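Hello,

Here is the structure I said I would pass on. My notes on its aromatic rings follow below.

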Amino acid sequence: MQLSRELFDHMKEVPLQKDILIPLFRAMGFRDVKHYHGGPNELGKDIVMWREEELRERINYGVVVKADKITGQASSTKNSANEVLFQILQAFNETYPDLSTGEEQWIQRCFVVSSKEISKEAINAIKGTLRKDNLDKVTTFIDGDTLWDLIQKHLPEKGVLEEIQSAKTKLEALLKEHKLSEHFQIVADTEGVFELRVKRSDALEEHPLPSVLQIKINPDDPESSKAFDELKRMFATGAPLKLKNPYIAKFQMPNFMEQLFGFTPESMEVTIGPQSSLIKHPVKLIIEDKDGQRAQVDYLLLEDVQSGTEQMTFSNEKQESPWKFKVVVDLINHQSNFNLNFEPIGLNVYQVLEGFRFNQAMSRGGWFVVESRTNGFQLAEQQIEPGKHPEPDPKWFELLEAMLFIQQKTFSLLKCPEKVGNDDAQLVFILADILRTGHAQVESSPWEIKLNFDQAKQVLTDFGDSAPREAVVHYNPNHVVKVFDTDVPLGPVLYQCNKAYMTEENVQILRTAVEADKPGDNFTACITPFEDHPFNASYMEWLPIKEKAVILRTPLFRGGMLQNAARILLEATKREGEISIDDFVRGLAEACAHIPSEEESDYSILNPFANSTSEEIRIALRPIVEDLDANAKFDLSVKLCESKLLSSDEAAQLIGMNHKDFIAAIDKNKKAGSIPDKGKDLSSSNAA
């Protein structure tokens, strides 16, 4: 980051810490300079660091940083002496963890740094309090002027912009003095080269700059003849010409340039070159083969970079484009030659693939045209022979198409990397295949799964006989894969094996652990795929709908789907924040009664209550019941019975009542008139 004093004076606190102070202290020889992140645990220190000093192996420093003037006001405002004093005392009185070793460290010295003024009153007030603990001797104040001097000394590259801005201001003042600032500008580089540029195409017509250049050429001198040939070449093609002593006999510059330079011909080197064009020509490049197939590059901005009596050169070298195009037009023979390069590194994969397709079309040959996007004129054209341009590597095409497929499916922006290893390419192809099929195979090796006490007991029940059976070993609700530094989300993934078992040794290890430990402990089970049955990864978002429906109907997913569907249905019954038990039960009954047709069977996952059992309904409604008050719970359980969604026994279980008490409560409410008697047998099984 280049820095001027003006930018420095207006910096905020965090950029001052990260972009200036941390590089500065590192340049001054401090070690492990770290930004000590803000927040309640900052404990006074914005930056911590250390360095070796005489007689001590390590001295730790804390830095309190302010981006405003530190005043001596007796207040608790952010930049008052009281606030700074509090941070200093915190810095000395609290340890901080060394980020390299993890050891707790104490601060031995403190810097108070501000990019603005630190008033004498503030320094005196702070040191007065620190003096009683001798902390004033190890506390140093660095104000804005002192800090700027340190930057100039230790980070000279940060101050380059200040000098450039100063030179620019002086050059602009010089042009303004000669009433030329509206038409011209002087551009200087770090090599001491000055270029006079026009701001308008008619600038030299309105304000000609009189100058005299006399050249002396000796025809008998081979070096002079060479210089003369270069001069003729400049007039013909516009190519720049450099002249210096002894070929410059006289050079008289415009007055303001004399004032700026004041060189003699003997010490001067003059470069004569074309005037930079202010006109840009938007063009597109088209290649059309013999069969009429076309490819094109849509938008390039060409400039007239040099012109002569025989030749003109156009280029888009100043345009920020991956395409660099240069065309040389022969005005005598009415021919053109061009050079075209494409740099894909760092571009989005879509742009890269488009570029490769154009290069592929160029390799096949055809009629090449440079067409103006302003008026449709053909500025240059040429027949390209097949094979004149190299064909892109087909392997790159395959890789780029796979990357583009991943980008379009997952909305993850992928850029073309500088290098691609075999492992990187293989990962891209695997991901593309996952997005097409929803499946991937995992290496067939034993899989360790972490279990709680109840899960460990269930695994022993299922696999305790070491016989092979289907196993689900892991479920990741949000699987993410990094592709060339970009996170690509793949969504939920289920890892399972059609045939897997636990070895007798692993069964015994798990059984011993379960028998010895208490509930609440964690356990590990080792599941081994049987013979040639690998672990399969099923990516739920990318599976065909039929496969997804089958998996979602399994107990692993069905319970969660039923709970989510029940909550959605309950929310839909709310009116002014109040739920309707009647509407909820009515909607639930309709969902359970719907039997999907053969055409709808694949989409039954959208209605998980279709074909659900009363036990599944009861389990799904348990979390909902917990959020209801006692009256609403009872009302819901009764209406579920009346709708034959649950038996009376299941309804009682739902709200945690004894079945006999539940029936008695219903009878009592009927007699009181709270529940109308519809003549239903509430004690019978009403499973859906």
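Rings of Phe, Tyr and Trp (for Trp, the six-membered ring) count as a pair if their centres lie within 6.5 Å; planes under 30 degrees apart are called stacked, over 60 edge-to-face, and the rest tilted. By that rule the structure holds 16 aromatic pairs. This is a predicted model, in which local features need pLDDT of at least 70 and side-chain atom pairs count only at pLDDT 80 or more, while totals for chains, interfaces and linings use all residues. Residues are numbered from 1 along each chain as its sequence is written, and side-chain values use heavy atoms, with hydrogens and water left out.

Phe338 and Phe368 are stacked, because their ring centres are 4.3 Å apart and their planes are at 20 degrees. Phe338 is in strand E18 (residues 335–342) and Phe368 in strand E19 (residues 366–372), 30 residues apart. Strands (E) are DSSP runs of at least two residues, numbered from the N terminus. Phe338 is buried, at 17% relative accessible area, and Phe368 is buried at 2%. Buried means under 20%, exposed over 50%, and partly exposed in between (1.4 Å probe, protein chains only).

Tyr501 and Phe530 have ring centres 6.1 Å apart and planes at 80 degrees, so this pair is edge-to-face. Tyr501 is partly exposed, at 22%, as is Phe530, at 21%.

Ring pairs also join Trp323, Phe342, Phe356, Phe358, Trp396 and Phe397 into a cluster.

Lastly, Arg436 lies over the face of Phe405, 4.6 Å from the ring centre. A charge sits over a ring if NZ of Lys or CZ of Arg is within 6 Å of the ring centre and within 35 degrees of the ring normal.

Regards

Terms used:
Helices (H or I, at least four residues) and strands (E, at least two) are DSSP runs, numbered from the N terminus.
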